[in-house]
Amino acid sequence: MPDWHHRLIRFPSRVYAFFMQWSDQAIILGIRRHGESSAIAEVMTASRGRHLGMVRSGRSRTMQPVLQPGNTVELTWRARLDEHMGEFRIEPLELRAARLMEAATSVYGIQALGALLRLLPERDPHPHLYEALAVIVDHLEDPADAGELFVRFELAVLNDLGFGLDLTECVATGTREDLAFVSPKSGRAVCRAAGMPYADRMLALPEFLAVEARSAADYDSLAAAFRLTAFFLNRHVYEPRGLKVSSARDGFVNAALKALRPSSSAA
C-alpha cells in the first residue's frame with residue numbers, strides 16, 4: 001500500500017490532537033437551552049474564572065439534576081480554538097440543588113451570587129472568589145451566616161473590579177480602633193471621634209466588618225452592611241455600566257433580614 005494512503009488514514013487523529021482541552025472543578029451558576037437536547041452551562045471554575053460551554057444531551061433526565069445552580073462538578077472543556085465557546089463534559093461531585101430550594105435565602109442567594117460574578121470578565125481567573133463561593137453555597141440556608149458571607153463576597157468582587165474599600169484604619173487619624181463609619185467619597189474607614197461631626201454624611205461601618213470584630217452579624221448590622229455594599233456597587237459598577245441591580249439581590253436581602261428581624265418589630 002502506498003505511503004500516502006497510511007498518512008491519509010491517520011489524518012483525523014492528528015486533527016483531534018490540536019483540540020484545546022483542560023479539566024477543573026466548578027460550581028454551576030446557570031443553564032439555558034441549546035437546540036433540541038443540548039444546553040449551555042455557565043460555571044465558576046476553580047482556576048479559570050467564569051466560563052461557558054455546551055453540554056450535549058444536557059436536557060436529558062440524567063444531566064438535568066446535575067446541571068442545577070449550586071452543584072459542584074468536575075468538568076472537562078474542549079474546543080478547536082481557545083476563543084471558541086467549546087463543549088463541557090461534566091461529572092457530578094456534590095449535588096446541593098435540592099437542598100438549596102428549601103430556603104428563600106438559598107433560592108435568591110445562588111442567583112445573586114451568579115449575578116455578581118457576571119460583573120467580572122469571562123474566563124478571568126479569580127480562585128479566591130471560587131473558594132469563597134464554595135463556602136457560601138454551603139451556608140445559604142442560615143440567614144446570619146449567609147448574609148455576612150454574602151456581604152464579604154460583594155466586598156471581594158468590588159476589590160477585584162478595582163474599587164476595593166479600605167476598612168482597616170481611619171483615613172483621618174490612622175487608628176485601627178473604634179472604626180464606626182465609611183467615607184462615601186474615599187471608601188475608607190473613619191473612627192468614631194473623627195466621624196461624629198459628619199455622621200449624617202457618613203455610611204455606617206458594621207461592627208462585624210471591623211478589623212478586630214468580636215461579634216457576628218445581627219439584623220441592624222447586616223442591614224447597614226447591605227446598604228454599604230449597595231452604595232459602592234451602584235456608584236462604581238451598576239450606574240456607570242447602565243445596569244440594574246439584580247432582583248435576586250433584593251430577594252436575598254429581604255429574606256435574610258426578615259429571618260433576623262427582632263420579634264418585637266416583625267410585621
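1. Before anything else, a cut-off for the aromatic part: rings of Phe, Tyr and Trp pair if their centres lie within 6.5 Å, with planes over 60 degrees apart counting as edge-to-face and those under 30 as stacked, the rest being tilted. On that basis Phe150, Phe226 and Phe252 form one aromatic cluster. Keep in mind that this is a predicted model.

2. Now the overall picture. The chain has eight helices and eight strands, and its C-alpha trace spans about 95 × 40 × 35 Å along the principal axes. Of the 267 residues in the chain, 42% are buried. If you look at contacts with a separation of 6 or more, 56% of them come from residues 24 or more positions apart. The chain exposes about 14,500 Å², and 51% of that is supplied by carbon and sulfur atoms.

3. Back to the rings. The structure holds four aromatic pairs. One of them joins Phe150 and Phe252: the centres are 4.6 Å apart and the planes make 35°, so the pair is tilted. Phe150 sits in helix H5 (residues 143–160) and Phe252 in helix H8 (residues 247–260), so this pair ties together parts that are 102 residues apart in sequence.

4. Phe226 belongs to helix H7 (residues 219–241) while Phe252 is in helix H8, so here the parts tied together are 26 residues apart in sequence. Both Phe226 and Phe252 are buried.

5. How do H3 and H4 run relative to each other? Helix H3 (residues 104–117) and helix H4 (residues 127–137) pack at about 170°, with their axes 11 Å apart. Angles over 145 degrees count as roughly antiparallel, and H3 and H4 therefore fall into that class. H3 brings Ile110, Leu113 and Leu117 to the contact, and H4 brings Leu129, Leu133, Ile136 and Val137. Sorted by residue type, the H3–H4 contact comes out as seven nonpolar, no polar and no charged.

Conventions: Residues are numbered from 1 along each chain as its sequence is written. This is a predicted model: local features need pLDDT of at least 70, side-chain atom pairs count only at pLDDT 80 or more; totals for chains, interfaces and linings use all residues. Side-chain values use heavy atoms; hydrogens and water are left out. Axes are lines fitted to C-alpha atoms, for helices over the stretch in contact, and angles run from 0 to 180 degrees between N-to-C directions. Helices (H or I, at least four residues) and strands (E, at least two) are DSSP runs, numbered from the N terminus. Angles under 35 degrees count as roughly parallel, over 145 as roughly antiparallel, 65 to 115 as roughly perpendicular and the rest as oblique. Contact means heavy atoms within 4.5 Å. Ala, Val, Leu, Ile, Met, Phe, Trp, Tyr, Cys and Pro count as nonpolar, Asp, Glu, Lys and Arg as charged, and the others, Gly among them, as polar. Rings of Phe, Tyr and Trp (its six-membered ring) pair if their centres lie within 6.5 Å; planes under 30 degrees apart count as stacked, over 60 as edge-to-face and the rest as tilted. Buried means under 20% relative accessible area, exposed over 50%, partly exposed in between (1.4 Å probe, protein chains only). Accessible areas come from the Shrake-Rupley method with a 1.4 Å probe; for residues, only the protein chains shown count as cover.
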